[in-house]
Amino acid sequence: MEEVSAGAIVPAVKPEPMPSSSAGSMSELDKDFLCPICMQIIKDAFLTACGHSFCYMCIITHLRNKTDCPCCAHFLTANQLFPNLLLQKLLKKASARQISRNASPVENFRQSLQQGCEISIKELDNLISLLAEKKRKMEQEEAERNMQILMDFLHHLKKQKVDELNEVRADLQYIKEDIDAVEKHRMELYHASDRHSMKLRMLGDDPNARKFWPMTMDKTIGGAISSSYSSRGVMSGGNFPTKRSDGKAQVSSQWLQRNNNLTGHDSQLNQSGLSVARKKRVHAQFSDLQECYLQKRRQWASCPPNQPVKDKNLINREGYSAGLREFQSVLGTFTQYSRLRVIAELRHGDIFHSANIVSSIEFDRDDELFATAGVSRRIKVFDFSSVVNEPVDMHCPVVEMSTRSKLSCLSWNKFAKNLIASSDYEGIVTVWDVTNRQSVVEYEEHEKRAWCVDFSHTEPSMLVSGSDDCKVKVWCTNQEASVLNIDMKANICCVKYNPGSSTYIAVGSADHHIHYYDLRNVSSPVHVFSGHRKAVSYVKFLSNNELASASTDSTLRLWDVKDNTPVRTFRGHTNEKNFVGLTVNAEYIACGSETNEVFVYHKEICRPVTWHRFGSPEMDDADEDAGTYFISAVCWKSDSPTMLTANSQGTIKVLVLAA
């Protein structure tokens with residue numbers, strides 16, 4: 001009984017691409033020239049016993065799975081296949097005709113010559129002349145095209161260079177104006193300094209003016225003269241009071257002049273040394289400072305004349321542009337410091353035990369207390385003045401509270417000095433009363449580890465948290481459950497309130513983005529800031545409009561949340577996998593590094609201002625684990641140059657920016 005086929009199996013052989021003209025020629029060819037299986041022109045034609053022709057590979061592939069003819073379903077095996085020589089010959093002729101029809105005149109001419117076509121010498125001369133003329137025309141057209149391309153390039157280059165020249169001219173004009181303004185103000189300061197020096201000399205030489213000096217000043221001068229002259233063997237403390245008053249006045253005047261000269265000389269030396277050091281810092285970062293100056297100058301040059309200056313603390317000097325005033329402020333703060341100096345160090349516990357990692361360190365509202373938390377499952381509160389002023393290595397916390405799980409983050413209440421919030425590895429958010437050493441309220445809605453918590457700067461009872469469960473939750477200390485939830489698509493690494501509002505929050509996520517939300521409408525973020533290449537580990541506000549972020553792509557970034565624009569990218573530290581801390585103040589951004597160093601950046605300069613490497617006497621340089629320590633938490637003391645830092649070894653240092 002014959003087996004009936006359910007249909008042809010398309011072969012797995014990839015058909016060769018058809019020439020571009022074959023689609024049009026398909027209608028011209030007889031359908032008998034098409035393979036019923038692949039529907040292409042038959043290649044290597046074979047005939048079946050039932051009289052149908054196929055491509056050899058098509059029918060062989062079919063017969064591997066079936067035993068019938070694809071056209072009539074009659075029983076068929078590979079032994080019943082025969083070469084179709086006639087069809088193959090017809091296909092070759094048809095293919096040749098098709099190629100000839102689609103060939104270029106040059107190809108046809110070449111084929112005619114190869115086939116021995118008779119042609120006279122005169123005809124050849126005409127053809128050669130025609131080809132030469134055609135060649136010259138094509139070369140001319142090609143040259144014209146090349147010239148046009150070159151001309152377009154030169155015009156574009158000229159326009160670009162003219163624009164650059166105009167920009168340089170404008171920059172030079174700004175620089176000339178600013179040089180004149182600064183020189184004018186410098187001369188005013190010089191003349192004022194001369195006037196003050198003249199007044200001081202007149203006061204030192206006028207005996208009547210000294211009558212108005214306080215008695216304490218007279219005693220101080222007398223003591224200084226006594227000690228000075230006794231050391232030289234000229235006058236002792238015992239015989240000094242027996243001198244006449246006019247002699248005393250003469251000696252006092254001489255000592256004043258000498259002392260002023262010496263003090264002035266030392267002061268000039270010190271000032272000269274500081275000036276040289278600050279100039280070196282300028283030259284070391286000249287490119288970044290140049291960019292900062294030009295950016296501010298151009299920005300303010302394009303602004304309306306009556307636009308207010310951002311920083312109201314800037315001194316308004318006659319002839320100074322707003323851009324120059326801003327840059328002078330940046331230059332002053334940038335060159336003011338060159339290093340980080342350790343003023344206190346705190347160690348507790350086994351310094352080589354991993355359970356001493358400090359995950360968070362935060363100052364309280366008044367910068368009097370600071371709290372630490374980490375994997376040791378304890379919140380420790382220290383008195384800052386005691387840590388700095390008492391010369392002991394082991395400081396006891398004034399308050400210590402135990403928790404059930406490892407802690408990830410702390411946040412002091414900005415209004416109630418005794419309240420502090422914590423988040424932990426079990427997803428619990430807790431508000432603590434430091435005075436009573438007890439928890440006030442616990443929230444257990446997060447399903448996974450909570451990485452961050454933050455109290456609002458404007459609403460005392462509001463706080464926000466983020467977790468690995470991809471949820472941001474807003475809490476009120478007066479309620480037992482969350483008041484608002486934001487579901488996101490990736491893990492939440494950090495969340496922070498805008499300091500000027502209780503309705504705006506910034507959320508850093510493992511999706512490499514920062515989502516800026518208005519809590520009055522959480523259906524979608526106000527803006528999503530993109531630029532980081534890895535997870536965003538921290539977000540901190542420098543001001544109501546400036547947001548700093550840290551990422552495990554080893555960069556910090558500064559954003560403008562008002563204009564929704566990126567401002568600057570900071571590079572220099574190393575951060576590829578750990579939480580290394582981030583802290584900001586009005587001018588500086590500081591972060592940790594996986595090289596066990598603390599880095600400080602000025603917000604206007606892309607490269608670090610300075611850095612400090614952690615180390616301890618107990619740490620052996622050959623210790624295999626020494627390279628695994630990293631900075632784990634940092635915190636500025638408000639807008640001062642003082643900073644708290646901690647590392648994974650459990651060491652806490654108080655650092656201060658120094659000249």
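Two strands are taken to pair if DSSP finds at least two bridges between them, and helices (H or I, at least four residues) and strands (E, at least two) are DSSP runs numbered from the N terminus. The model shown is predicted, with local features needing pLDDT of at least 70 and side-chain atom pairs counting only at pLDDT 80 or more, while totals for chains, interfaces and linings use all residues. Residues are numbered from 1 along each chain as its sequence is written, and side-chain values use heavy atoms, leaving out hydrogens and water.

**View 1. An open sheet of three strands, in the order β2-β1-β3, with antiparallel pairing.** β2 (53-55) and β3 (81-83) stand at the edges with a single partner strand each, so one side of each is left without a neighbour in the sheet. Strand β1 (residues 45-48) and β2 are joined over three bridges in the antiparallel sense, and Leu47 stands opposite Ser53 in β2. Helix α2 (residues 56-63) packs on this sheet, touching β1, β2 and β3, where contact means heavy atoms within 4.5 Å.

**View 2. The largest nonpolar core, with 26 residues.** Such a core is a set of buried Ala, Val, Leu, Ile, Met, Phe, Trp, Tyr and Cys residues joined through side-chain atoms within 4.5 Å, buried meaning under 20% relative accessible area with a 1.4 Å probe, protein chains only. Leu340, Tyr588 and Trp636 are among the residues with the most contacts inside this core. Leu340 touches residues including Val598, Val600, Met643 and Leu657, not counting residues up to four places away in sequence.

**View 3. Helix α10, with 15 residues.** The buried residues of α10 include Leu324, Phe327, Val330 and Phe334.

Methods. Buried < 20%, exposed > 50% of the residue type's maximum accessible area, 1.4 Å probe, protein only. Expected span 1.5 Å × (residues − 1). Axes fitted to C-alpha atoms, helices over the stretch in contact; angles between N-to-C directions.
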